[in-house]
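Keep the 3D view open as you read.

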Amino acid sequence: MTRIREEIKKIIRGALPYNFDGEVLVSVPDVTEHGDYSTNVAFALAKIQKTSPREAAEEMVAKIKEQGLRMKENVFSRIEGAGGGFINFWISDEALFGKLGEMLWKPEGWGRSNTGKGKKIRVEYFQPNVAKIPHVGHMRSAVIGDALKRIFLSQGHKVVSDTHIGDWGTQFGILLYAWKEASKEDQEKIKKNPVRGLNDLYVAEGKKIEAEPERRERGKEEFAKLEQGDKENRKIWKWMVTVSLVEFDEIKRRFGLLRFEEERAESVYEDAMPPLVERALKKGVAARKPLDSAQGVTGAVVVDLSDVGLGEAVLLKSDGASTYLLRDLATLEYWDKKKLDKNLYVVDIRQSHHFSQVFDVGKRLGIPLASRSEHIVFGFMSLPEGAMSTRKGNVIGLLDVLDTMEARAREIIEKKNPELKNKEKVAKAVGVGALKYFDLSHHPKSNIMFDKEKALSFEGNTGPYLQYTYARLRSILRKIQDTRHKKQTSPKFDECERGLLVEMLRFPEAVEDAAKVYAPSVLANYLYGLAQKANEFYHSHPVLKEGDAEKRRFRLMLVEAVAATLKNGLYLLGIEAVEEM
RNA sequence: GCCCCCGUAGUUCAAUGGAUAGAACGAGGGACUUCUAAUCCCUAAAUCGAGGUCCGAUUCCUCGCGGGGGCGCCA
């Protein structure tokens, strides 16, 4: 089914002179008096034709009307110039009703498209670190990445998601050093709750390093040994990875993330790194620094990026150990062979400098994928009292906060709907839905404040609001037996019904826009607006009790269509639409 | 010092360069014998400052003020 917006664009293009090469923008006006859709092309056209925007608009309106007649189009009921150059379009009730019928014919496909057909995208998100407790700050990458994947899939893209678990680096040397130094009793204690225990061990070691910087060097030595294949270090490291993966799997399961096609942790690139360094040196991209000031045996291998203002990128440290940057380059090289059209990293803004370096060095090394790679930036999450940091000890564990949300949902269900079946299942869906929506409703780029009160709220612009709206609509549909309400001719509908219908028909455009700008929040905000209109309708328009049979049938169609839209939209955000709550 | 991001109602957030800047929470008032009140309706309330580009600027540019982040042989 074609999007209405596309149809309007086509009609406008048909009425434009051949020499017009500007973009045709069609937008939704703020106020209903300005129509269902609007375009500002007349302003651009006026410049070329050297007329006033108003005249240009009038001319175009006349041309469209003429062509519309010739094509026997019946899409608009009104087209007119206004506001000194805007052209406003009102869609005819017949056309709206026709679209409603089309949509109900195949609601499963509603919102999907094939604009991404044949294109393969890799999305990297949810990069938890081994031996660290994932906190609410880690949620953004997982939730935004998962929603993006769903949105891309709906547009026909092939998507490969990859977690890129942080299981390599100096931090493991530091951890190994601390672990070996710990007493047997302490080690046993840590083993009982390993991820928490290792997390705390790392924090404690960090404090010791602050007081005694020498200890960092010992940690670095342990990592170098690990990288060189030291048996004991490998064994301990492997154990740390194993216990952490259990926790990551629980998060993936409880947050309902789509399956990851690949879970290539950093350590898998171990063998790919040395040849990459060799190549960089041979190509003259990187250079080995002289030994003089360094303590190690060899000089560090670095890429000078000062010509583009990106400073110095370190591939190998002077002790021979690899860096995060080198691992990301190896990753880039690996994926370069997989015929990707796009390679996206959903990572917070603090790493933008790092990714600029990765992509720039990648280009210098002649890895074509580097120029098709993008860092999808998102802001980080802070608490009302300031930034979250493991060292400050003020992090909120991701699973802890999810537990709280589910408990809160259970409480509210007991209060509002104690008769509900599947209480536990609904509580889980509502709890995680609220948490995900809190994140997704914010623009990815903005830093967000994790205000517990706001995030835990189930009222207003929240996930449960959308779920509740869906449940109410479904409740109406459950009460009817006769589903033959779809066959009828176009009825007259009032402003509220019409507004809801037009808004509902914009769904595919919202999904398309969200995909285009890599922002699930575009879709989230659209769904919220739709739900508001649906609730308004619900209050003022009885459906089952409507006496006029034709009106009732139309309202049932509308309810069914809006419910399906909410369900599909929530699915794209990774939120479950529950039938009752 | 250099680079990046952000300043919108009391608060938390919206608004591909468009027409009258939207919500939510909070505040005040109202609506359940009526398809689920996790809802709906009404009221008050905002673009950090100064220039510039443009027919048109919350949006783009410059400067200033304020907040955050990065520039580690950390990840």
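**Around the RNA**

Helix H17 gives the largest share of the surface near RNA strand B, namely 7 residues. Keep in mind that this is a predicted model. Several elements each supply at least two residues here, among them strand S4 (86-91), helix H6 (170-181), strand S9 (312-316) and helix H13 (352-364).

Now step back to chain A as a whole. Its secondary structure amounts to 21 helices and 14 strands. Taken along the principal axes, the box filled by its C-alpha atoms is roughly 85 × 65 × 40 Å. Of the 581 residues in the chain, 41% are buried. If you take the contacts between residues at least 6 apart in sequence, 74% of them join residues at least 24 apart.

Let's turn to the interior. In soluble globular proteins, nonpolar side chains tend to be buried together. In this model, the largest nonpolar core has 106 residues, and those with the most contacts inside it are Ile-151, Val-346, Leu-523, Leu-527, Val-562, Leu-566 and Leu-573. Which helix gives the most to this core? That is helix H21 (residues 549-573), with 13 residues. A second, separate core has 23 residues, including Tyr-269, Ala-313, Leu-332 and Leu-369.

Leaving aside residues up to four places away in sequence, Leu-523 touches Ile-151, Ala-510, Val-511, Ala-514, Gly-569, Leu-572 and Leu-573.

Finally, have a look at one of the sheets. Strands of a sheet pair through backbone hydrogen bonds, either parallel or antiparallel. Here, 4 strands form an open sheet in the order S1-S2-S4-S3, and the pairing is antiparallel. Strand S1 (26-27) and strand S3 (76-82) are at the edges with a single partner strand each, so one side of each has no neighbour in the sheet. S1 pairs with strand S2 (residues 37-39) over 2 bridges, in the antiparallel sense. To find this pairing on screen, look for Val-26, which stands opposite Thr-39 in S2.

How values were computed: Residues are numbered from 1 along each chain as its sequence is written. Chains are lettered from A and ligands numbered from 1 in the order in which they are written. This is a predicted model: local features need pLDDT of at least 70, side-chain atom pairs count only at pLDDT 80 or more; totals for chains, interfaces and linings use all residues. A residue is buried if 20 or more other C-beta atoms lie within 10 Å of its own, exposed if 12 or fewer, and partly exposed in between; C-beta atoms are placed from the backbone. Two residues are in contact if their C-beta atoms, placed from the backbone, lie within 7 Å. A nonpolar core is a set of buried Ala, Val, Leu, Ile, Met, Phe, Trp, Tyr and Cys residues joined through C-beta atoms within 7 Å. Two strands pair if DSSP finds at least two bridges between them.
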